[in-house]
Amino acid sequence: MLRDILSGKSSIDPGQLAGAAGLPNDPASVAALMNQLQGALKGGDDGGINWGIALQQGQERAATGQLSTIDAQRAEFEQAFHIAALWLDDVINVAELTVVPRLMTRKEWVTATMPLWSQLSEPVATSISDSLTNVLTEQAPEELKGMLAGASQMMRSLGGTLFAMQLGQVVGQLASEVVSGGDIGIPLFSDQQAALLPQNVAEFGEGLDVPTDQVQIYLAVRELAHARLFRHSRWLRLHMISSITDFAHGITIDTDRLESLAEGFDPSNPEELRDAMVNGSLIPPKSDAQLAALGRLETMLALVEGWVDVVTVEATSRLPRADAINETVKRRRASGGPAESAFATLVGLELRPRRLREAAAMWQAVTDAVGNEARDALWAHPDILPTSEDLDDPQALIARLTSTAKGEPPVLDDVDQALADLLRDDNPDRPHEA
């Protein structure tokens with residue numbers, strides 16, 4: 001069947017299949033899809049995913065409608081970054097960047113971020129490929145299993161190619177929406193690089209009735225704050241990426257549902273297949289391990305974004321229209337943000353800092369109680385970072401920090417107090433009462 005489709009002998013319309021897979025349905029894109037799949041069909045690889053296809057697709061998608069940065073814009077953004085760095089120095093106590101901030105085109109953003117997208121997506125792609133090959137081999141009659149041994153390898157190669165093409169399309173579309181390197185919440189660059197996309201920044205500011213330079217400075221402050229935090233807390237990037245990959249590794253595919261779709265597939269109605277791919281019906285409910293990883297990630301995202309919000313508001317207090325820009329950022333994030341559909345499609349993960357409001361309120365309360373330096377010191381190690389419980393009850397955290405600032409003995413919670421009592425009881429040198 002696959003050979004008939006790729007050779008043009010089948011009644012199935014390749015354009016409809018492209019649309020069902022979430023790929024563009026124009027003649028050039030369909031031709032590229034057929035070429036890539038034919039290459040996968042003929043290739044003698046090990047069934048691994050060719051991430052080069054994802055990069056190519058993403059670059060081509062991002063280059064559509066892309067504008068280059070002119071010298072005048074470059075000078076404006078350099079000035080914005082300079083002002084942003086000075087203002088941030090007044091309100092945060094985290095390490096400065098050693099890498100000069102960059103201005104990126106959409107295509108450059110795709111090129112720089114694709115390695116991480118590939119890393120995050122690979123567990124899901126592998127799970128999909130494994131499920132396809134398992135359905136093909138396990139459900140086949142015994143007399144056909146030998147014949148299908150080679151076909152399963154072909155399916156794995158085709159599935160990996162199709163997933164890589166989808167990844168490229170999603171990231172290419174994302175490049176037209178993000179305004180910075182830290183816009184999606186996680187650090188996409190491995191070297192704590194700060195970056196803005198001038199074309200997208202200009203589109204962000206359209207209709208705001210805010211001077212262009214104020215928009216540029218505000219977004220530069222947010223981006224530098226995000227990048228500096230991840231450089232300062234070097235453990236933080238790995239912690240967040242590990243939570244995402246832990247979640248993704250637990251994803252499985254409902255092979256019974258997949259088999260049912262295959263048996264009832266109507267070539268004239270590929271939307272049924274597309275709906276199943278995007279509505280999550282092929283993915284069973286989250287496991288306990290996935291829920292735990294998701295909880296860690298949501299808390300960390302909220303802590304990072306809440307901190308960035310608080311320090312940005314303080315650093316941009318001298319901008320006359322900062323409130324209007326801040327409100328636009330919040331509305332944009334509330335509507336889902338540029339990352340949400342990308343992660344839902346690629347990792348099956350709703351990437352939204354659901355507790356952002358509580359985190360921002362906590363960081364502001366901590367700032368008011370003990371100041372900026374003590375607040376930022378909490379990022380020194382994951383063991384002292386506020387927890388989900390601290391978001392529920394910031395006052396307990398503030399009490400501990402206030403006691404430390406005054407040089408008083410630390411306020412122990414019930415667990416710490418019980419441990420301290422146990423250690424005293426086990427100490428043979430401790431004087432015992434008569």
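How many of the 21 residues of α9 are buried? Helix α9 is mostly covered, with 18 of its 21 residues buried, where buried means under 20% relative accessible area, exposed over 50% and partly exposed in between, with a 1.4 Å probe and protein chains only.

## Basis of the model

This is a predicted model, in which local features need pLDDT of at least 70 and side-chain atom pairs count only at pLDDT 80 or more, while totals for chains, interfaces and linings use all residues. Residues are numbered from 1 along each chain as its sequence is written, and side-chain values use heavy atoms, with hydrogens and water left out.

## Overall composition

The chain has 19 helices and two strands; helices (H or I, at least four residues) and strands (E, at least two) are DSSP runs numbered from the N terminus. Of its 434 residues, 46% count as buried. Among contacts (heavy atoms within 4.5 Å) with a separation of 6 or more, residues 24 or more positions apart account for 81%.

Helix α9 covers residues 212–232, and its 21 residues should span 30 Å at 1.5 Å a residue, which agrees with the 30 Å between its end C-alpha atoms. The expected span is 1.5 Å times one less than the number of residues.

The axes of α9 and α13 come within 9 Å and cross at roughly 135°. Axes are lines fitted to C-alpha atoms, for helices over the stretch in contact, and angles run from 0 to 180 degrees between N-to-C directions. The angle therefore makes α9 oblique to α13; angles under 35 degrees count as roughly parallel, over 145 as roughly antiparallel, 65 to 115 as roughly perpendicular and the rest as oblique. On the α9 side, the contact includes Tyr-218, Arg-222 and Phe-230, and on the α13 side Trp-307 and Asp-309 are among the residues involved. By class, this contact has ten nonpolar, two polar and three charged residues. Ala, Val, Leu, Ile, Met, Phe, Trp, Tyr, Cys and Pro count as nonpolar, Asp, Glu, Lys and Arg as charged, and the others, Gly among them, as polar.

## Helix α13 against α16

Helix α13 (residues 288–315) also packs with helix α16 (residues 356–377), at an angle of about 60° and with axes 8 Å apart. That angle makes α13 oblique to α16. The contact includes Trp-307 and Asp-309 of α13, together with Trp-363 and Arg-375 of α16. Its residues divide into ten nonpolar, four polar and five charged.

## Arg-106

Arg-106 lies in helix α6 (residues 106–138) and counts as buried at 7% relative accessibility. Beyond its neighbours within four places in sequence, its contacts include Gln-66, Ser-176 and Glu-203.
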